[in-house]
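The following exercises are to be worked with the sequence and the model at hand. Each task is followed by a solution in steps.

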Amino acid sequence: MRIYDSGTAAALAARDGLVAGRLVWITARKRSTGLLETIGIWSGEDDLTLEVGGQPRPYTGAGALMRSDPITAGTGLAVRTYQIGLAAVAPEVEALVKGYETRLAPLEIHRALFNPATRALAGPPHRVFSGFINGIDFPTAEPGGTASCTLELISETRALTRTLASKKSDESQQRRGGDRFRRYGNISGVVPVYWGELRIAAPADPAPVTVKPEKTGNA
């Protein structure tokens, strides 16, 4: 069960209607500089800056975010996938696709609730999704059609499926402050070991088997 702040809880309890906005925050590496930069877009029409997690975040509007799949919460470690559609003609979207390394770039989606009459924020935006960009589909629009861009998202549990980047060797272990725990790992199982008075011999290679040809006699 989600726990809301007092302002959001009071607005939901009043049942007077609220306007929901989706806020997308992406952290990706810029190709020209190699530095990590952030990009914020949302489903509203105007640009705005909202405080999320104690930090101000600027979000670009003007219809850059066109649609998004319904996001459902659930228990477990299953990797969830979602899609959001962006306006390909928006300059922010074009800059994202062409100027940034978006593969597995961290992404967060928050939901902001506004008063429909005053457009005042009911409370701090709450996060509804945290994960990565798995891929971008940027098809060519048909003549007379509207170009669109689709981001395929995967939940943060995807990180639990990654394998280790290096094998367990002495060289990789030394990178951890000169740790030599695996110094003799390459000869493990070859040197005989003594446990008390019992000698455990190292496994030996099987002796080659020689097959002698059969003798044939004269008929």
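**Exercise 1.** How many residues line the largest pocket, and which of them lie nearest its centre?

*Solution.* The model is a predicted one, in which local features need pLDDT of at least 70, side-chain atom pairs count only at pLDDT 80 or more, and totals for chains, interfaces and linings use all residues. Residues are numbered from 1 along each chain as its sequence is written, and side-chain values use heavy atoms, with hydrogens and water left out.

Step 1. A pocket is an open set of points on a 1 Å grid over the protein atoms alone, where a 1.4 Å probe fits, with protein on both sides within 12 Å along at least five of seven lines; lining residues have an atom within 4 Å of a point.

Step 2. The lining of the largest pocket comprises 17 residues, and Ala73, Gly74, Arg80, Val128 and Phe129 lie nearest its centre.

Step 3. The volume of this pocket is about 430 Å³, a volume being the space filled by probe spheres set on the points, which are joined across faces, edges and corners.

Step 4. Strand S9 gives the most to the lining, with four residues; strands (E, at least two residues) and helices (H or I, at least four) are DSSP runs numbered from the N terminus.

Step 5. By class, the lining has six nonpolar, seven polar and four charged residues. Here Ala, Val, Leu, Ile, Met, Phe, Trp, Tyr, Cys and Pro count as nonpolar, Asp, Glu, Lys and Arg as charged, and the others, Gly among them, as polar.

**Exercise 2.** Describe the lining of the second largest pocket.

*Solution.* Step 1. This pocket has a volume of about 250 Å³.

Step 1. Among its lining residues are Val19, Ala20, Gly21, Trp42, Phe114 and Arg119. Strand S1 (residues 19-30) supplies the largest share, three residues.

Step 2. Five nonpolar, three polar and four charged residues make up the lining.

**Exercise 3.** Classify the ring pair of Tyr82 and Phe129, and state why it ties together separate parts of the sequence.

*Solution.* Step 1. Rings of Phe, Tyr and Trp (its six-membered ring) pair if their centres lie within 6.5 Å; planes under 30 degrees apart count as stacked, over 60 as edge-to-face and the rest as tilted. Searching the whole structure finds three aromatic pairs.

Step 1. The ring centres of Tyr82 and Phe129 are 5.3 Å apart and the planes stand at 85°, so this pair is edge-to-face.

Step 2. Because Tyr82 lies in strand S6 (residues 81-87) and Phe129 in strand S9 (residues 126-137), the pair ties together parts that are 47 residues apart in sequence.

Step 3. Tyr82 is buried at 9% relative accessibility, and Phe129 is buried at 5%. Buried means under 20% relative accessible area, exposed over 50%, and partly exposed in between (1.4 Å probe, protein chains only).

**Exercise 4.** Where does Glu156 lie, and which residues is Glu156 in contact with, leaving aside its neighbours within four places in sequence?

*Solution.* Step 1. Glu156 belongs to the loop between strand S10 (148-155) and helix H3 (170-174). With 44% relative accessibility, Glu156 counts as partly exposed.

Step 1. Contact means heavy atoms within 4.5 Å. Once the neighbours within four places are set aside, Glu156 is in contact with Ser130, Gly131 and Phe132.
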